[in-house]
Amino acid sequence: MAEVTKELGRDEMHWFPMRVTYSREVLVKEALDALGIESFIPMHYEHIEGKHPRHRVLKPAIRNLVFVHSTNRMITELKMTKRELTPLRYMMHPVLDDRNNVLRHDILTVPDRQMENFMRVASVTDDRVFYMENLDFAGKPGQRVKVVEGDFAGVEGTIKRVKKNKCVVVQIEHIAAVAIAFLPSAFLLLLDEAENQS
């Protein structure tokens, strides 16, 4: 689950999910790379209509989204001083009281372990993974599992049935969800069992 940063230390390193205006996420990532700031954009191949069936182009899988690993102070400073980074926008989450009144809006961050888990899966650009548009469905309860064999060994997720196929879904709540298809049951261990064996 993405975390709401109640008391965000301005100099603490976090993964920030950030919106980018006008589909400039790749340009923003290139600018961050040039500055030595770690960032991540989930990518996938899209087939180009009217071209040869094998003609594909690598594009962002989720439009206008980039994850930035830095401090709140550094990102804010770069947004104000580097023209190519002005499109970055923090993602906010409302904090409610017990009567559902909005108390404030806090900046979202993603815990390191969850981000590593997501990147392990989202870095694969072939047909073993696909992105889920229905985040409400992706977040519904299911059996938590750990992948213990194959290329995705170590990844933790939730079993979901998608189009009658059993998939392992890795989600960052309210932001993104990616599913691993075609995993044999022998590759999966119930998470409570995996924790007992670790």
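Phe40 is buried, and Phe118 is buried too (buried means under 20% relative accessible area, exposed over 50%, partly exposed in between, with a 1.4 Å probe and protein chains only). This is a predicted model: local features need pLDDT of at least 70, side-chain atom pairs count only at pLDDT 80 or more, and totals for chains, interfaces and linings use all residues. Residues are numbered from 1 along each chain as its sequence is written, and side-chain values use heavy atoms, with hydrogens and water left out.

**Aromatic pairs**
- The whole structure holds 3 aromatic pairs (ring centres of Phe, Tyr or Trp, the latter by its six-membered ring, within 6.5 Å; planes under 30 degrees apart are stacked, over 60 edge-to-face, the rest tilted).
- Phe40 and Phe118 pair edge-to-face, at 6.4 Å centre to centre and 85° between the planes.
- Phe40 sits in strand β3 (residues 38-40) and Phe118 in helix α3 (residues 112-122), so this pair ties together parts 78 residues apart in sequence (helices are DSSP runs of H or I, at least four residues; strands are runs of E, at least two; both are numbered from the N terminus).
- Phe67 and Phe118 form a tilted pair, with 5.8 Å between centres and 55° between planes.
- That pair links distant parts of the chain: Phe67 in strand β6 (residues 65-71) and Phe118 in helix α3, 51 residues apart.

**Cluster and burial**
- Phe40, Phe67 and Phe118 make up one aromatic cluster.
- Phe67 counts as buried because its relative accessibility is 0%.
- Phe118 has a relative accessible area of 0%.

**Charges over rings**
- The charged end of Arg56 sits over the Tyr45 ring, 4.0 Å from its centre (the cut-offs: NZ of Lys or CZ of Arg within 6 Å of the ring centre and within 35 degrees of the ring normal).
- Lys160 lies over the face of Phe137, 5.9 Å from the ring centre.
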